[in-house]
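Me: Could you walk me through this model with me asking as we go? I'd like to start with the charged pairs and then look at a helix.

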Amino acid sequence: MTIKMTVENALQAKEEIEKLETQGFTHDDIYIFAHDKKREKHVTDALDTESVGMKEQGFLDSLKNMTSSRGDELRAKMASAGLTTEEAEAYEEELDKGKLVIIANKNQ
């Protein structure tokens with residue numbers, strides 16, 4: 001099961017993560033994305049959620065993302081976290097607006 005949503009800030013993200021935990025998701029099942037890498041790392045660290053890395057993407061995709069644009073990298077990582085290509089494109093547009101995207105996926 002994959003749940004995806006957008007929030008405006010880290011406080012709203014914390015509230016949504018707490019709701020997801022009551023639904024049986026663990027911090028390892030929850031991914032937070034932000035368009036700015038520093039913001040994404042800060043929020044992910046502060047809320048103790050998972051980062052999409054080699055485990056989710058595989059070695060070659062992880063290497064490819066090192067040379068990709070931020071938008072391409074985000075779409076690839078969101079797809080690795082459980083979104084379809086179309087969903088990843090739509091949520092990347094939300095990131096462009098300054099929002100945070102939360103993806104909770106028990107299938108990872």
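**Salt bridges and a helix**

Reply: E87 and K4 form a salt bridge in which the closest N and O atoms are 3.1 Å apart, where a salt bridge is a side-chain nitrogen of Lys or Arg within 4 Å of a carboxyl oxygen of Asp or Glu. This is a predicted model, in which local features need pLDDT of at least 70 and side-chain atom pairs count only at pLDDT 80 or more, while totals for chains, interfaces and linings use all residues. Residues are numbered from 1 along each chain as its sequence is written, and side-chain values use heavy atoms, with hydrogens and water left out.

Me: OK, and which parts of the chain does the E87 and K4 pair link?

Reply: E87 is in helix 6 and K4 is in strand 1, 83 residues apart, so the pair links distant parts of the chain. Helices (H or I, at least four residues) and strands (E, at least two) are DSSP runs, numbered from the N terminus.

Me: How many salt bridges are there in the whole structure?

Reply: A search of the whole structure gives 13. One of them joins K37 and E73, with 3.6 Å between the closest N and O atoms.

Me: Where do K37 and E73 lie?

Reply: K37 belongs to helix 2 (residues 37-47) and E73 to helix 5, so this pair ties together parts that are 36 residues apart in sequence. K37 and E73 also belong to a network of salt bridges that links K37, E40, R70, E73 and K77.

Me: Is E73 buried or exposed?

Reply: E73 counts as buried, at 6% relative accessibility, whereas K37 is exposed, with a relative accessible area of 51%. Buried means under 20% relative accessible area, exposed over 50%, and partly exposed in between (1.4 Å probe, protein chains only).

Me: Switching to helix 6, how many residues has it?

Reply: Helix 6 (residues 85-96) has 12 residues and reaches 17 Å from its first C-alpha to its last, which is close to the 16 Å expected at 1.5 Å a residue; the expected span is 1.5 Å times one less than the number of residues.

Me: Which residues of helix 6 are buried?

Reply: A88, Y91, E92, E94 and L95 are buried there. Seen down the axis of helix 6, the buried residues fall within an arc of 150°, so they line one face of the helix; the arc is that of the directions from the helix axis to the C-beta atoms.
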